Amino acid sequence: MPDFSRPPGPKIIAVANQKGGVGKTTTAINLAAALVENGKRVLVVDLDPQGNASTGLGVEAADRDLTTYELLVDDAPLADVVRETETPGLLIVPATVDLSSADIELVSNEKRSFLLHDALRQTAIDGFALDYVLIDCPPSLSLLTVNAMVAAHSVLVPLQSEFFALEGLSQLMLTIREVRQSANSELRIEGVVLTMYDRRNNLSQQVEQDARDNLGDLVFKAMIPRNVRVSEAPSFAMPVLSYDTNSQGAMAYRELALELIEKHGQLAA
Ligand SMILES: Nc1ncnc2c1ncn2[C@@H]1O[C@H](COP(=O)(O)OP(=O)(O)O)[C@@H](O)[C@H]1O
Ligand SMILES: [Mg+2]
C-alpha cells in the first residue's frame with residue numbers, strides 16, 4: 001500500500017550497462033544537471049567504487065567520509081550521506097573504492113539486494129524534496145547493479161555508438177527480467193540513449209539504425225555526440241552544462257532531459 005501521508009517521492013532511475021566506458025557516469029552527471037536546469041531537484045547516487053561521478057561533481061576523494069558504502073553496509077542515515085554540489089539542486093551520495101568490498105561483505109545478509117531500495121525509502125528522503133534520483137552503476141551486473149535495479153523504477157541504458165554495442169544488451173535485459181521476477185516486478189526500461197555518436201561516421205549511423213530497428217521507441221530521439229568538451233568537464237569537477245554551456249554535448253543532454261520529462265508528463269504547461 002502506498003503511504004498517502006507522504007509525498008509521492010522521486011522517480012528513481014538506474015543508469016546501467018555492464019560495459020565500462022560507454023557513458024554511464026557522463027550521462028548520470030549531465031542528465032542530472034540538465035534536469036536541474038528545468039527546475040528539478042536531483043540526487044545522483046554514486047554506486048561505482050571508481051567514484052567517477054563523485055569526482056565529476058566536485059567531491060574530492062579526501063572529502064568522502066560518508067559514502068554509499070556507509071549507506072548500504074553500515075545503515076548510515078540518508079541525511080548523513082547526501083551532499084550538496086556546486087550546482088544548486090544537484091545533490092550526490094559519493095562513493096570510494098571501499099564500495100568494491102560490499103559484494104563480499106554482504107553475501108550473508110538476507111536483505112543484500114534490497115539495501116539501496118530500503119535506504120532510498122527512508123522518510124528522511126522526503127526532506128530533500130527530490131524529483132529524480134539517478135543511480136550511476138558500476139560496469140558489471142554485480143550485487144551493486146542488482147541493488148540499483150531493485151531500488152529503481154526504471155533503467156536507462158547508455159549505448160556507445162560502436163561495433164558490438166548491441167551485443168551486451170541481451171545480458172543486461174536478462175538481468176532486468178530476473179530482477180522483475182524476483183524483487184521488483186514494476187521495473188521498466190526507461191530507454192536507451194546513444195552516446196559518443198559521430199554523425200559523419202557510417203558505423204555510428206549503422207548502430208543507430210540497428211538500435212532503432214530492434215528497440216523501436218525505447219531508443220531516445222536525443223543522441224549524445226562525441227564532444228571533447230564533454231570529456232574535459234569532469235577534470236574541472238563540473239557538468240558540461242556549466243563547463244561549456246553552449247557545447248554540442250550540453251545541448252544534447254538538455255534534449256535528453258526534455259524527452260525524459262515529457263515521458264513522465266511533468267512538462268510545465
Ligand atoms: N559524448 C562524449 N564525448 C566525448 N567523450 C565522452 C562522451 N561521453 C563519455 N565520454 C568519455 O568517455 C569515457 C567513458 O565515459 P564514462 O561516462 O566514464 O563511461 P562509464 O561510466 O560507462 O564507464 C570518459 O573518459 C568520458 O569523459
Ligand atoms: Mg562510470
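I take two strands as paired if DSSP finds at least two bridges between them, and I apply this to a model that is predicted.

**Sheet.** I looked up the strand order first. I find an open sheet of seven strands, running S3-S4-S2-S5-S1-S6-S7, in which the pairing is mixed. At its edges I note strand S3 (83–84) and strand S7 (188–195), each of which pairs on one side only. I then followed strand S2 (residues 42–46), which pairs with strand S5 (residues 132–136) in the parallel sense over five bridges. Which residue in S5 stands opposite Leu-43? I read off Val-133 in that place.

**Lys-24.** Is Lys-24 buried or exposed? I find Lys-24 buried and yet without a salt bridge, since a salt bridge needs a side-chain nitrogen of Lys or Arg within 4 Å of a carboxyl oxygen of Asp or Glu, and the nearest side chain of opposite charge, that of Asp-136, is 6.5 Å away. A polar atom of the Lys-24 side chain does lie 2.5 Å from the backbone oxygen of Lys-19. Leaving out residues up to four places away in sequence, I list among the residues that Lys-24 touches Val-15, Asn-17, Asp-136, Cys-137 and Pro-158.

**Aromatic rings.** I searched for aromatic pairs and the structure holds one. Phe-236 and Tyr-243 form this pair, which is stacked, with 4.9 Å centre to centre and 20 degrees between the planes. I also checked the accessibility of Phe-236, which counts as partly exposed because its relative accessibility is 47%.

Key
Residues numbered from 1 in each chain as written. Chains lettered and ligands numbered in written order. Predicted model: local features only at pLDDT ≥ 70, side-chain atom pairs only at ≥ 80, totals over all residues. Heavy atoms only, no water. Helix = DSSP H or I, 4+ residues; strand = E, 2+ residues; numbered from the N terminus. Buried < 20%, exposed > 50% of the residue type's maximum accessible area, 1.4 Å probe, protein only. Lys, Arg positive; Asp, Glu negative; His and termini not counted. Polar contact = N/O pair within 3.5 Å; in protein donor to acceptor, adjacent residues only side chain to side chain. Contact = heavy atoms within 4.5 Å. Phe/Tyr/Trp six-rings, centres within 6.5 Å; stacked < 30°, edge-to-face > 60°.
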